[in-house]
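Hello,

Here is the structure I promised to pass on to you. Have a look at it first, and then read my notes below.

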Amino acid sequence: MVATTLQTPPTRQVPSDEPALKRRPHRLSPPGLPWILPALVLSVGLIYYCIGYTGVISTWDWDGISPNPEQVGLENYLKMVNSPVFWGAIWHTIVFFVVTFTAQTVLGLLFAVLLHSQVKLAVVYKVIVFVPVVLAPAIMAPVFRQFYGADGQFNWILEHIGLGAITQPWLGQSSTALWVLMAVAVWQWTGLTFVLYFAAMGQIDQSVLEAARIDGAGNIRTIVSIIWPGVRGTTVALAMLGAIGALKTFDLPWLITVGGPNGATEFLGTIIYRQTIPNYHVGYGAAVSIVLLVLALAMAILLQVRGREKVTVD
Amino acid sequence: MYTAHRSRRKLRAAAIIAAGVTSALILSACAGGGGGGGAEGEADSGTLNWWGWTPDISVGQAYIDAFNEEYPDITINYKQVPIEDWEAALRPALASPSGPDIFAMQPGARVEAFKSFAEDLTPLAEDTLGEDWEDKVSAIGVEGLSADGKLTAMSIGATYAGSVWINQDLFDKYNLTPPTTLDEWVDVCAEFKANGVGCFVQGASQEGFDQDTLQAISDSIEPGVWTSASKGDTPWTDPTIVKTLETWKSLFENGIMQDGAIGYAQYPDANNDFMSQKYAMVQMGTWYMQYATTAGQTAAIEAAGVADPKPFPIVPIPFPDVTGSGNPAAYYGDSDYGLALNTKSKNKAAARTFISWLTATEAGQQVVADKLNDIPALLGVEPNWDSIEQPFPDVQREPVQKLIADASASSESRFLYLNQDVQDAILAACTSVADGSATPEEAAATLDAAAVASRS
């Protein structure tokens with residue numbers, strides 16, 4: 001017969017010099033909480049709550065004032081996909097991204113390569129290229145309205161260099177207004193592309209470049225085979241920023257062309273503002289906002305994944 | 001343990017202090033309200049905030065200065081908000097407890113949007129003008145500013161479109177007479193262009209001003225059809241509207257509209273071009289009368305970027321009969337704006353004093369009339385021409401007086417029946433016709449579909 005003895009588990013004696021915190025942990029106030037609280041409140045409270053609330057509003061027919069918005073389900077989304085203005089804005093966004101990204105990449109890379117070589121007054125050139133980045137579109141918009149106007153300085157220049165035959169009201173016709181906006185965007189943002197490429201090129205191993213030279217590679221070959229692959233990460237990041245920026249485009253078309261003429265420079269951003277503020281269709285504007293968010297996220301993820309895959313293969 | 005207790009004590013103390021401060025604030029707020037002449041304040045003293053997209057600051061200040069001669073203890077701060085930012089600024093302001101005491105109300109869609117923030121001013125109109133107050137003011141200002149049986153704002157006066165303003169100096173310089181038909185207009189423009197002067201300038205990227213031109217053309221073809229379509233009684237595919245769009249296109253094809261017009265804004269582009277004498281004609285309504293005064297025009301020329309502003313004679317003419325139908329030129333208008341009283345205002349009594357003085361007393365309305373910005377709402381009040389300084393009275397006075405008389409006789413509305421969706425659709429229709437991306441029939445059909453959708 002085995003005698004069994006029930007024993008109470010020994011009580012742990014807490015050493016008197018052990019901190020009180022260890023003896024009685026504060027479950028309700030983890031030590032790191034106060035430090036992350038501001039960021040948590042900001043991101044959850046302001047950003048994610050607003051996104052969620054915008055999603056809710058997108059199912060309303062609401063003027064932004066009435067205390068009793070009407071629930072309409074997905075009607076705003078249906079109206080949106082049936083709107084030629086919406087699809088026009090999507091098309092303008094695609095064209096805007098492709099053209100401005102390509103032009104900025106070519107120009108930015110070119111400037112970066114040139115300024116990595118032995119150029120006199122390189123600092124001055126860097127400043128000149130970068131200055132447009134820090135100028136506010138609201139300040140530059142009236143200048144460009146004047147510059148590209150029917151009797152503006154751009155036509156004046158064309159006339160004085162013997163190209164008077166092609167002068168036209170660049171902002172006053174549907175066929176050219178979007179190109180003007182893209183030219184302005186390229187002028188404004190090439191400086192940023194240049195700076196990032198300039199920094200990325202500084203990270204390329206000099207011995208690789210020297211080896212390429214020893215193997216007889218010329219300038220073009222060096223750029224194509226050494227530098228371009230070497231700055232691939234920067235290009236992917238710029239593509240991501242460019243795509244999101246194109247989707248969010250608002251200031252340039254609103255300030256220079258107000259989305260016109262005849263909707264030729266309408267973007268998702270201008271639709272959101274026009275529908276939400278002057279037209280009082282807050283629900284519809286929210287629906288377009290949600291679509292913009294989804295597209296921006298999808299573009300960011302797609303470009304990130306594509307970039308990673310390539311790096312792995314290399 | 002000691003630390004935890006101390007924290008709790010601190011928290012408790014803070015809560016007691018906060019509660020005490022809150023109570024004190026509430027009590028002092030109540031006490032303040034009680035000592036200031038009641039919840040609505042005093043009728044002859046206080047500070048008011050007045051917001052509007054119009055009038056210009058100088059005109060608004062002139063109204064205030066004249067009011068203060070009679071009511072020196074009421075301080076009014078006038079804030080002019082650009083028309084394009086009006087909704088964005090006013091909506092959150094009215095939703096907050098610190099919005100303007102008085103705000104401008106435009107007839108039509110904005111009455112629908114902001115009526116819930118506006119106090120019914122019918123009792124104020126009755127107190128000021130008597131039971132038969134509606135017989136003493138312009139009907140155009142009552143209908144457009146009323147909603148759900150309440151008068152949301154009291155009209156300060158009306159503006160009418162349908163006129164064209166010309167630079168008489170330029171016409172005289174090239175020995176030209178103002179056009180009355182399409183052919184004459186084409187000839188005049190050809191002559192101006194041959195001399196390196198712009199002819200007619202229009203900001204065709206802005207729907208309101210396009211509507212003015214379209215309505216003028218439509219009324220010259222068949223009076224009343226445009227208004228009927230605006231009300232929804234006639235489809236926008238009506239042959240008159242289609243012909244209107246055809247005629248509109250001919251203005252571009254015949255070289256009357258300036259190059260790139262559909263990318264131009266009426267304000268500031270077209271206005272500045274006219275004021276800097278780059279163009280000889282501009283389509284503007286009665287609100288342009290204010291620039292037929294020395295002070296008004298000098299300021300406008302300066303604002304257009306001219307370094308040494310010197311007035312030149314601007315004169316209104318009827319819109320040319322571009323379709324050859326022989327119908328007289330039409331004028332159409334609405335109340336320019338009314339003054340609405342914010343339901344949340346803490347100075348309602350003083351606000352009522354200002355609103356009734358400016359919109360319904362002879363003294364206030366005379367100031368409005370003399371500024372030539374609006375045709376007064378109060379019947380019988382006319383500009384005192386002896387006190388109005390015009391730079392070229394011999395040339396300007398008679399045409400301006402005729403414009404006031406002709407426009408005041410009109411009962412045709414301008415924007416009253418059009419919501420923003422239909423206005424956007426009108427802009428899309430006329431710009432697509434102008435740039436050739438749609439025929440007048442196609443554009444009219446698209447416009448009609450948008451108008452039907454906006455009513456559903």
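At what angle do helix H2 and helix H15 of chain B pack, and how far apart are their axes? Helix H2 (residues 57–70) and helix H15 (residues 362–371) of chain B pack at an angle of about 155°, with their axes 10 Å apart. Helices here are DSSP runs of H or I, at least four residues, numbered from the N terminus; axes are lines fitted to C-alpha atoms over the stretch in contact, and angles run from 0 to 180 degrees between N-to-C directions.

Before going on: this is a predicted model, where local features need pLDDT of at least 70 and side-chain atom pairs count only at pLDDT 80 or more, while totals for chains, interfaces and linings use all residues. Residues are numbered from 1 along each chain as its sequence is written, and chains are lettered from A and ligands numbered from 1 in the order in which they are written.

Back to the helices: H2(B) and H15(B) are therefore roughly antiparallel to each other (angles over 145 degrees count as such). Among the residues of H2(B) that meet H15(B) are B:Val59 and B:Phe67, and on the H15(B) side B:Val367 is one of the partners. Contact means C-beta atoms, placed from the backbone, within 7 Å.

As for confidence (pLDDT, from 0 to 100 for each residue), chain A has a mean of 87, and 88% of its residues reach 70 or more. Over residues 1–22 of chain A, pLDDT stays under 50.

Finally, the two chains meet: 21 residues of chain A are in contact with 20 residues of chain B.

Enjoy exploring!

Methods:
pLDDT = per-residue confidence, 0-100. Helix = DSSP H or I, 4+ residues; strand = E, 2+ residues; numbered from the N terminus. Parallel < 35°, antiparallel > 145°, perpendicular 65-115°, else oblique.
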